[in-house]
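Here's a look at one protein chain, from its overall build down to a few single residues. Have the viewer open as you read.

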Amino acid sequence: MQGLDAIDILILKTLQEDAKLTTKELAQIVGLSASPVFERLKRLERRGYIRKYVAVLDANKVGNGIIVMCNIRLKQHGQDYADQFMDAIMQLEEVTECYNTSGEYDFLIKIYVRDMQHYQDFVLHTLGRMECVGSLHSVFVIGEVKCTNAVPLPPVEQIP
C-alpha cells in the first residue's frame, strides 16, 4: 500500500468491480482527466498492483459446473516432492487455484469438472498417478454462497 494515494485506491476498487471500463470512464469516476488516469494505471501495472485483467466466466454455462475442493497430502515433506507437485498442478486446466497450507494437509486445490465421471478420471488418471501424492480428501461444493476475486482495500477516506 506504500506509495498509493486515495485516487489510486479508488482506481483499484473501481477496476475490481468492472475492469472493462475505458480510461475515460474511469477518469470520470475518480475525478481526473483521462491522461493522468492512464499514467496511474500504467504505474499500478508496472508496480504489480494490477497483475492482469480477466473475464470471469459462468462455470455452469461453459460445462464445468462441479467444484471440488481437494486437500492433498504429499508422501513426504521435502522440496523435491513439493516442487514436483507444484510443477504438475500448474499444467492442469481443471485446477484453478492451489494453496500450500499448514495443518493436516500440504495443499488445497480448487478443481472444476463437468461431472462426477470427469472427477473420477481426474483423480485416478491424473492426481493418482503423481508419485508425490500420498493421499487426498475431496469436498464437493453443493452451492456457492460467495465467490469474488476482489481483494479488500482500505476505505478511500482513510488514505491521506
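## Ground rules

This is a predicted model, where local features need pLDDT of at least 70 and side-chain atom pairs count only at pLDDT 80 or more, while totals for chains, interfaces and linings use all residues. Residues are numbered from 1 along each chain as its sequence is written, and side-chain values use heavy atoms, with hydrogens and water left out.

## The chain as a whole

The protein chain has five helices and four strands, and in sequence order they run α-α-α-β-α-β-β-α-β. Helices (H or I, at least four residues) and strands (E, at least two) are DSSP runs, numbered from the N terminus.

How does the radius of gyration of the protein chain stand against that of a compact globule of 160 residues? The protein chain has 20 Å, whereas the globule would have a value near 15 Å. That radius is taken over C-alpha atoms, and the globule rule is 2.2 Å times the number of residues to the power 0.38. The C-alpha trace spans about 55 × 35 × 25 Å along its principal axes.

Of the 160 residues, 29% are buried; buried means under 20% relative accessible area, exposed over 50%, and partly exposed in between (1.4 Å probe, protein chains only). Take the contacts between residues at least 6 apart in sequence: 66% of them join residues at least 24 apart. Contact here means heavy atoms within 4.5 Å.

Two packed helices are described by the angle between their axes and the distance between the axes. Axes are lines fitted to C-alpha atoms, for helices over the stretch in contact, and angles run from 0 to 180 degrees between N-to-C directions.

Helix α1 (residues 6-17) packs on helix α2 (residues 23-30) at about 125°, with the axes 10 Å apart. The two helices are therefore oblique to each other: angles under 35 degrees count as roughly parallel, over 145 as roughly antiparallel, 65 to 115 as roughly perpendicular and the rest as oblique. On the α1 side, Ile 7, Leu 10, Ile 11, Thr 14 and Leu 15 meet Leu 26, Ile 29 and Val 30 of α2. By class, that contact has seven nonpolar, one polar and no charged residues. Ala, Val, Leu, Ile, Met, Phe, Trp, Tyr, Cys and Pro count as nonpolar, Asp, Glu, Lys and Arg as charged, and the others, Gly among them, as polar.

## α1 against α3

With helix α3 (residues 34-46), α1 packs at about 80°, with the axes 11 Å apart, so α1 and α3 are roughly perpendicular to each other. Ile 7, Asp 8, Ile 11, Leu 12 and Leu 15 of α1 meet Val 37, Arg 40, Leu 41, Arg 43 and Leu 44 of α3. The classes here are seven nonpolar, no polar and three charged residues.

Setting aside residues up to four places away in sequence, Arg 43 touches Gly 3 and Asp 8.

Pro 36 is also found in helix α3 and is partly exposed at 33% relative accessibility. Its C-alpha atom is 9.6 Å from that of Thr 23, 13 residues apart along the chain.

Thr 96 belongs to strand β2 (residues 95-100) and is partly exposed at 43%. Apart from neighbours within four places in sequence, Thr 96 is in contact with Lys 110 and Tyr 112.
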